[in-house]
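Hi everyone, thanks for coming. Let me bring the picture up on the screen before I start talking.

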Amino acid sequence: MEKALIAMSGGVDSSVAAVLMKEKGYAPIGVTMKLYDNEDININNEKTCCSLSDIEDARAVALKADFPYYVFNFKASFKEKVIDKFVSCYMCGRTPNPCIDCNRYLKFDELYRRAKELDCEYIVTGHYARVHFDEASGKYQLLKGKDDRKDQSYVLYHLNQQQLAHTMFPLGEYTKDEIRVKAEEYGLLNANKKDSQDICFIPDGNHMNFIEEFNNKKIGPGNILDINGKVVGRHKGYYKYTIGQRKGLSVARTGKNYVVEIKADTNEIVIGRNKDLFKTTLIADSFNWISGEAPIEPVRVQARTRYHQALADATAEVLEDGRVKVVFDEPQRAMTKGQSVVLYDGEVVVGGGEIVEVSF
């Protein structure tokens, strides 16, 4: 019987994934990754994952379904590869996506190594996505989940061929509603548990306070400029803003104003109108082509630059330095440095990378 390491957060999705794997004849080993101590980041332990109650929920599922369960301490790796990068990104005037980094460096890096140590053939998570082996190309493919509302392929674009060969997403063929029903049928105590926060270590959504407490300092006020360089107001710290933001802008300028640029080096932000947010071209770095082979010629794709954003037609081209240029057929709103662009060919995820430049 092949062993499968199940990443369990204590939520309904990963719990059902574990039970489904056992039904399929695998030998599950449940694992919760301890990523931080809640008191270290000044939050209530009932508001986020990694709490004692989440661990107990996951342990209870493992006990009921009769498979082993462990808690692995990944706090040092999480701080270095997720939290430190999150703070650094904001301080550089970009907007990060820590969920992607957590998946990349913890679930499919640290946990992958632990799986090999335990002789597990597969890593299993509760993501709504699918893995498919394409006979024609001899390559593994990452596909969107069946449930468009819950599709999580966007945060998994970093997966490579070796990882896909040893990864299973049991929920990919189901909708969220179907998973809730299965959880009730299995008698799981967390069948109706609410989904976790997007940023687990900032459950209140106040990233400004988190950054200031993490750095133990505040960046002072700076100028707000219009697109012509004229000073039209003052802000409270550039890292408190992101591209497309409208709230929190106190300026001597009528009409609707939006953040269109962040200048970290001068502690300035630039505002404009909604039309100024629409651009056609981006450059992405640290790009991963899931097939393992970058295209030689420009390729037609569909792409999104934010989680669950509608897919848009575009052309992608690999530059001489390995970065990828993506040109959209129609201008896209609020493309943001630090976020990810993910390319698709229908249901297939082609690859993705981090946005480092945006232009008209």
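I'll walk you through some salt bridges in this structure. Please keep in mind that this is a predicted model.

So, how many salt bridges does the count come to? It comes to 25 salt bridges, and I've picked a few to show you.

Let's begin with Asp 84, which pairs with Lys 79; their closest N and O atoms are 3.2 Å apart. Asp 84 has a relative accessibility of 27%, so it counts as partly exposed. Lys 79 is partly exposed too, at 41%.

Next, find Glu 212 and Lys 240. They form a salt bridge, with 3.4 Å between the closest N and O atoms. Where do these two residues lie? Glu 212 lies in helix H7, residues 207-215, while Lys 240 is in the loop between strand S9 (231-235) and strand S10 (258-263), so the pair ties together parts that are 28 residues apart in sequence. Is Glu 212 buried or exposed? Buried, with 10% relative accessibility. Lys 240, at 22%, is partly exposed.

Now over to Asp 276, which forms a salt bridge with Lys 275; here the closest N and O atoms are 3.3 Å apart. Asp 276 counts as buried, because its relative accessibility of 13% is under the 20% cut-off. Lys 275, on the other hand, is exposed, with a relative accessible area of 59%.

One last stop, and this one goes beyond a pair. Which residues are linked in a network of salt bridges? They are Asp 13, Lys 150, Lys 176, Arg 180 and Asp 195.

Methods. Residues are numbered from 1 along each chain as its sequence is written. This is a predicted model: local features need pLDDT of at least 70, side-chain atom pairs count only at pLDDT 80 or more; totals for chains, interfaces and linings use all residues. Side-chain values use heavy atoms; hydrogens and water are left out. A salt bridge is a side-chain nitrogen of Lys or Arg within 4 Å of a carboxyl oxygen of Asp or Glu. Buried means under 20% relative accessible area, exposed over 50%, partly exposed in between (1.4 Å probe, protein chains only). Helices (H or I, at least four residues) and strands (E, at least two) are DSSP runs, numbered from the N terminus.
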